[in-house]
Amino acid sequence: MASSSPLFKRWLGQIGADQVVEVLTDLFESGAAFIVDSNSDILLWSKGAEQLFGLSATETIGKPCKTALNCDSGNDPCNLAELGIVKSQAVRIHRRDGRTLNCYRTARAFYDSNGGFAGAIEFLQAQSDTAPEQKSDDSDSFHGILSRDPAMKEAIKIIRNVAETEATVLIRGESGTGKEMVAHALHLESPRHYQPFLAINCAALTPSLLESELFGHVKGAFTGAVRNHAGLFQRANGGTLFLDEIAELPLELQAKLLRVIQERNFIPVGGDSAVSVDVRIIAATHRSLREEVKAGRFREDLMYRLRVVPIFLPPLRERRQDISLLLQHLIDRHNTQGHRHIDRIAPEAMRLLLDYRWPGNVRELNNVVEYAYAVGRGSELGIGDLPPEFREPLRPAATLDQHAALRSKSQNEAELIREALANNPDNLEQAAQFAGMSRATFWRKRKKYGL
């Protein structure tokens, strides 16, 4: 929501809200802005709408929105009253001169004191006729993913191929390797690229909130449910839903997710009828789902449904030739933004950057560059511009196999958490990695056992 001065309401009263709204909507000359009432009848029709759709205000005001716009019912479900807000939804409009317009629709609903639909403001903009620029296979950049590494190039090749299909994809990689960027690239390369791409971290919410956010709820489903809420599956209809940290999905929700994948429908929380959806699912995890299945924390049937096409992202420490490429990209970006301009990296600083283990991967590299711009000065990035951990003696990092062996010694989950805290008393992120958990799950487990 926009912010305003305490004097805004007084100013609005002096000018007149109706005049302000009319002027504001007419500022969007490149798109159509209009307002509908509780019956979806058009109350206001902007000049941009007249130009885009070839319909004057006198021809549309007072008419039902659906009749005036003549949308394809399959692309525009007209369920804004239930969704509340729509962002960049693809719709197809049929003009009366026979032309068809592919548009992006953004809208916001309003509700009265009883929770009933009271109207909405909508904005439609024609999609560009220019096709997305196609990157060659030899390019170092692919939808924002920079790499010269052969393993990453192979992953990008898989992304290009699988994007043309409807296959479910599971992305495996450590935290910070760019799993969401890969998921978004898959969406942009797919035929669904003009439909919504929505994402959620399954480890960030409690089970009850996660269920409501994924599947929605009906009015009165629980205390505080004052109106129907469309979940992510419903809002992503026709597009792609990215489920990050899928290994953290509670067992009780795994069965519900399996039903959506198999039956393409679900029942909202508190509802009694199924809602059909067409959503492509892309999941990601930093852990092995096979190991989670063996431990009884993940359903085997769901694993096979999600893992139709696995994509493995190598950690940054195994992409040594990409470090200098990413560094230069980040430096070029920061040179245009801040007060400091870096044009070279001291050899000893570059040696430390190349030899560092990068437990936080590309995300940590970005943080290191931000740190250098914040604390350093001058045109050269030196050792003094790097975070303190780069000036500490290097300690050999435990391998994944060593972590697995250590975890196998801890038969009890509480003992495992105690051991993780004892080995990493000052770094909860490393303690969570030691225990094989996300930071959110590690925090919940500590609270559960009172540790």
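The following questions and answers go through a predicted model of one protein chain. Residues are numbered from 1 along each chain as its sequence is written. Local features need pLDDT of at least 70, side-chain atom pairs count only at pLDDT 80 or more, and totals for chains, interfaces and linings use all residues, while side-chain values use heavy atoms, with hydrogens and water left out.

Reader: How many helices and strands does the protein chain have?
Author: Helices (H or I, at least four residues) and strands (E, at least two) are DSSP runs, numbered from the N terminus. Counted this way, the protein chain has 20 helices and 16 strands.

Reader: What percentage of the residues of the protein chain count as buried?
Author: Buried means under 20% relative accessible area, exposed over 50%, and partly exposed in between (1.4 Å probe, protein chains only). The protein chain has 451 residues, and the buried share of them is 42%.

Reader: How much of the accessible surface of the protein chain belongs to carbon and sulfur atoms?
Author: Accessible areas come from the Shrake-Rupley method with a 1.4 Å probe, and for residues only the protein chains shown count as cover. The surface of the protein chain comes to about 24100 Å², and the part belonging to carbon and sulfur atoms is 51%.

Reader: Which residue makes a polar contact with the side chain of Asn 335?
Author: Asn 335 lies in helix H14 (residues 320–335) and is buried, at a relative accessible area of 14%. Leaving out residues up to four places away in sequence, Asn 335 touches Arg 340, His 341, Ile 342 and Tyr 373, where contact means heavy atoms within 4.5 Å. A polar contact is a pair of N or O atoms within 3.5 Å; within protein, one must be able to donate a hydrogen and the other to accept it, and residues adjacent in sequence count only if both atoms are side-chain atoms. At 2.6 Å, the side chain that makes this contact with Asn 335 is that of Tyr 373.

Reader: Within what arc do the buried residues of H19 fall?
Author: Helix H19 (residues 428–435) has Ala 431, Ala 432, Phe 434 and Ala 435 buried. The arc is that of the directions from the helix axis to the C-beta atoms. Seen down the axis, the buried residues line one face of H19, because they fall within an arc of 155°.

Reader: Which residue just after H19 takes a positive phi?
Author: The phi in question is about 75°. The residue that takes this value just after H19 is Gly 436.

Reader: How far apart in sequence are the parts that Arg 317 and Glu 174 tie together?
Author: A salt bridge is a side-chain nitrogen of Lys or Arg within 4 Å of a carboxyl oxygen of Asp or Glu. Arg 317 lies in the loop between strand S14 (309–312) and H14, and Glu 174 in the loop between strand S8 (169–172) and helix H8 (179–189), so the parts tied together are apart in sequence by 143 residues.

Reader: Is Lys 256 buried or exposed?
Author: Lys 256 forms a salt bridge with Glu 211, with the closest N and O atoms 3.1 Å apart. Lys 256 lies in helix H11 (residues 251–263) and Glu 211 in helix H9 (residues 207–215), so the pair ties together parts 45 residues apart in sequence. Glu 211 counts as partly exposed at 23% relative accessibility. Lys 256 has a relative accessible area of 18%, so Lys 256 is buried.

Reader: What is the relative accessibility of Asp 343?
Author: Asp 343 forms a salt bridge with Arg 344, the closest N and O atoms being 3.0 Å apart. Arg 344 counts as partly exposed at 43%. Asp 343 counts as exposed because its relative accessibility is 51%.

Reader: What separates the C-alpha atoms of Ile 200 and Glu 245?
Author: Ile 200 lies in strand S9 (residues 197–201) and counts as buried at 10% relative accessibility. Beyond its neighbours within four places in sequence, Ile 200 is in contact with residues including Leu 205, Leu 232 and Phe 242. Ile 200 and Glu 245 are 45 residues apart along the chain, and their C-alpha atoms are separated by 8.8 Å.
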